[in-house]
Structures are given as structure tokens and as C-alpha cells.
Amino acid sequence: MSPSPCLLEKKSSVGPLMACNKFSYEISTCLYACHPKLHSSPLTVTILALILFSPLIILTIPIWVPIGCFLIAITAAFLSFCGFGVAAVAVAAWVYKYFRGLHPPGSDRVDYARSRIYDTASHVKDYAREYGGYLQSKAKDAAPGA
């Protein structure tokens, strides 16, 4: 009786002899040796791996869930920090160019907003000056001794 094809060592195209006792490549090779139609299906390899390792996964899930949550939180914090750092550097570079007079993109909008704010402030000041005197005279009329 000949041994199972899954236990035979096969010569790979890369060089060294490989046995069917490692994980993905070897499972795939064993499947091909036993059932050539199953070799082209990574889904089959994934399902077999889940079947083989499901008891281990179920027993260790209380360990992996907190570790996974912690790693996700740390990764999100790191990526946020990096993103905010890049944004801060970009803003600082834009402000530097703006105050040096190099007219970065969007500086015309800032100039327009500054002129609108200045115009509005001067209109409010004129309005307060005009109607402030009016209100003071009305207050003197209402309380002549004040």
C-alpha cells in the first residue's frame, strides 16, 4: 500500500523540499494532491482552517476581544495624532506663506473677509456714535438730574 499523497514531500519550483505539514501553502498542496478541483479554491482552505481551529478560537476569545479592542483604539489614536499633526503643519505653512506675502491659495478669501469685518466694524462704530448720542440725550430727558 502506498502512502497518502498528502504525506509525500514534493519538490517546489523555488528549491527546497516542502512537506504538507505547514499551513496555507501546504494545505493547498495537500488538497491539490488529494483533490485537484479543490486546489483553486481559497475559500475551501479558509473553511478547513476555521473548522480545525474553531475550538482554539472559542476557548481563547475572552483574551482576543480585549486585546483587539485595545489595538484598534491605539491604532485609531495614533492615526488621529498623525493626521492632526499633518494638518497643523499644513496650516502653519499656509500662515507662514500668507504673512510673508507669498499669496498662498485662498489668501484672497482671507483678505476679502478681513475687509468685510473691518467695514462692518466701522459701520457699527459709526452707528453707535450716531445713535449713542441720541440715546444719551433721551436718557437726560428722562432723568434731568442725571
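Residues 71–96 are 100% helix and 0% strand, with end C-alpha atoms 37 Å apart; helices (H or I, at least four residues) and strands (E, at least two) are DSSP runs, numbered from the N terminus. The model is predicted: local features need pLDDT of at least 70 and side-chain atom pairs count only at pLDDT 80 or more, while totals for chains, interfaces and linings use all residues. Residues are numbered from 1 along each chain as its sequence is written, and side-chain values use heavy atoms, with hydrogens and water left out.

**Annotated segments and helix H2**

Helix H2 spans residues 42–99, which is 58 residues. Its end C-alpha atoms are only 59 Å apart, whereas a straight helix at 1.5 Å a residue would reach 86 Å; the expected span is 1.5 Å times one less than the number of residues. Where in H2 does a kink lie? The kink, about 65°, is at Ile61, shortly before the proline Pro62. The bend at a residue is the angle between axes fitted to the seven residues ending there and the seven starting there.

Thr44, Val45, Ala49, Thr60 and Tyr98 are buried in H2. Buried means under 20% relative accessible area, exposed over 50%, and partly exposed in between (1.4 Å probe, protein chains only).

**Accessibility of selected residues**

| Residue | Relative accessibility | Class |
|---|---|---|
| Cys69 | 48% | partly exposed |
| Cys82 | 32% | partly exposed |
| His103 | 61% | exposed |
| Asp111 | 33% | partly exposed |

A search of the whole structure finds zero disulfides, a disulfide being a pair of cysteine sulfur atoms within 2.5 Å.

**From H2 to H3**

Just after H2, Gly101 takes a positive phi of about 85°. His103, in the loop between H2 and H3, has a positive phi of about 50° although it is not a glycine.

Helix H3 covers residues 107–142 and holds both Asp111 and Arg114, three residues apart, about one turn of the helix. These two residues form a salt bridge, with the closest N and O atoms 3.4 Å apart. A salt bridge is a side-chain nitrogen of Lys or Arg within 4 Å of a carboxyl oxygen of Asp or Glu, and the count by this rule is one.

**The chain overall**

The protein chain has three helices and two strands, in the order β-β-α-α-α along the sequence. Of its 146 residues, 11% are buried. Among contacts (heavy atoms within 4.5 Å) between residues at least 6 apart in sequence, 11% join residues at least 24 apart.
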